[in-house]
Amino acid sequence: MKLIIPMAGRGTRVRPHSHTTPKPLLPVAGTMIVERIVETFARTLDRTIDEIVYILGPDFGREIKETLTDMSKRHNAKATFRVQDVALGTAHAVLCAGEDLEGRSYYCFCRYHF
């Protein structure tokens, strides 16, 4: 199963916390928000998550990708990155993952809000 996590937003509603750290990487009780999401899906799905497709903004750098790759490995999943160059909404973010959607696979789409 692939888990698609759009996280290209700017996190403006949680500023100043998101000035230096993207909102999904902010820790809550010591664990990144995005990791809590992955843990929740892993616990509740009847299939193993094999791959996590992260939809990132154009300004997300190498360090963020490394953090997400390490987190994915902790959950025995491959990390794949796609970029949403222009913020055109959630449906467009899923479209950015189009090349990762194939066959009769099962996909889980995550949209989170505070």
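Mentor: Start with threonine 80, which lies in strand β5, residues 78–83. Keep in mind that the model is predicted.

Trainee: Which residue is joined to threonine 80 by a polar contact between side chains?

Mentor: Glutamate 51, at 2.4 Å. The cut-off for a pair of N or O atoms is within 3.5 Å, and the 2.4 Å pair between threonine 80 and glutamate 51 is listed as a polar contact. Leaving out residues up to four places away in sequence, threonine 80 touches Glu51, Ile52, Val53, Tyr54 and Asp100.

Trainee: What does phenylalanine 81 touch?

Mentor: Phenylalanine 81 is also placed in strand β5. Residues up to four places away in sequence aside, phenylalanine 81 touches Tyr54, Leu56, Lys65, Leu68 and Thr69.

Trainee: Now the helices. How do you know whether α1 and α2 are roughly parallel or roughly antiparallel?

Mentor: Look at the angle first. Helix α1, residues 33–44, packs against helix α2, residues 62–74, at about 25 degrees. Angles under 35 degrees count as roughly parallel, and α1 and α2 are therefore roughly parallel to each other.

Trainee: What else describes the packing of α1 and α2?

Mentor: Their axes are 11 Å apart. The crossing of α1 past α2 is right-handed.

Trainee: Which residues of α1 and α2 meet?

Mentor: From α1 there are Val34, Glu35 and Val38, and they meet Leu68, Met71 and Arg74 of α2. Sorted by class, this contact of α1 with α2 has four nonpolar residues, two charged and no polar ones.

Trainee: Where is leucine 25, and what does leucine 25 touch?

Mentor: Leucine 25 sits in the loop between β1 (2–6) and β2 (27–28). Beyond residues up to four places away in sequence, leucine 25 touches Met32, Val34, Ile64, Thr67 and Leu68. The C-alpha atoms of leucine 25 and threonine 67 are separated by 8.7 Å, and the two residues are 42 apart along the chain.

Trainee: What makes leucine 25 count as buried or exposed?

Mentor: Its relative accessibility of 10%. The limit for buried is under 20%, so leucine 25 counts as buried.

Trainee: And why is isoleucine 64 labelled as buried or exposed?

Mentor: Isoleucine 64 is in helix α2. Its relative accessibility is 16%, and isoleucine 64 therefore counts as buried, given the limit of under 20%. Neighbours within four places in sequence aside, isoleucine 64 is in contact with Pro22 and Leu25. Isoleucine 64 and leucine 25 are 39 residues apart along the chain, with 8.4 Å between their C-alpha atoms.

Trainee: How do you know the label for alanine 93, buried or exposed?

Mentor: Alanine 93 belongs to helix α3, residues 90–96. With a relative accessible area of 1%, alanine 93 is buried, since buried means under 20%. Alanine 93 is in contact with Pro6, Ile55 and Gln84, leaving aside neighbours within four places in sequence. The C-alpha atoms of alanine 93 and proline 6 are separated by 6.0 Å, although the residues are 87 apart along the chain.

Trainee: What makes asparagine 76 buried or exposed?

Mentor: Asparagine 76 has a relative accessible area of 66%. Exposed means over 50%, so asparagine 76 is exposed. Asparagine 76 lies in the loop between α2 and β5. Its phi is near 55 degrees, a positive value in a residue other than glycine.

Trainee: How many helices and strands are there in the protein chain?

Mentor: Three helices and six strands. Along the sequence the pattern is β-β-β-α-β-α-β-α-β. Of the 114 residues in the protein chain, buried residues make up 42%.

Trainee: What share of contacts in the protein chain between residues at least 6 apart in sequence join residues at least 24 apart?

Mentor: That share is 70%.

Key
Residues numbered from 1 in each chain as written. Predicted model: local features only at pLDDT ≥ 70, side-chain atom pairs only at ≥ 80, totals over all residues. Heavy atoms only, no water. Axes fitted to C-alpha atoms, helices over the stretch in contact; angles between N-to-C directions. Helix = DSSP H or I, 4+ residues; strand = E, 2+ residues; numbered from the N terminus. Parallel < 35°, antiparallel > 145°, perpendicular 65-115°, else oblique. Left-handed = near helix turned anticlockwise from the far one by under 90°. Contact = heavy atoms within 4.5 Å. Nonpolar A, V, L, I, M, F, W, Y, C, P; charged D, E, K, R; others polar. Polar contact = N/O pair within 3.5 Å; in protein donor to acceptor, adjacent residues only side chain to side chain. Buried < 20%, exposed > 50% of the residue type's maximum accessible area, 1.4 Å probe, protein only.
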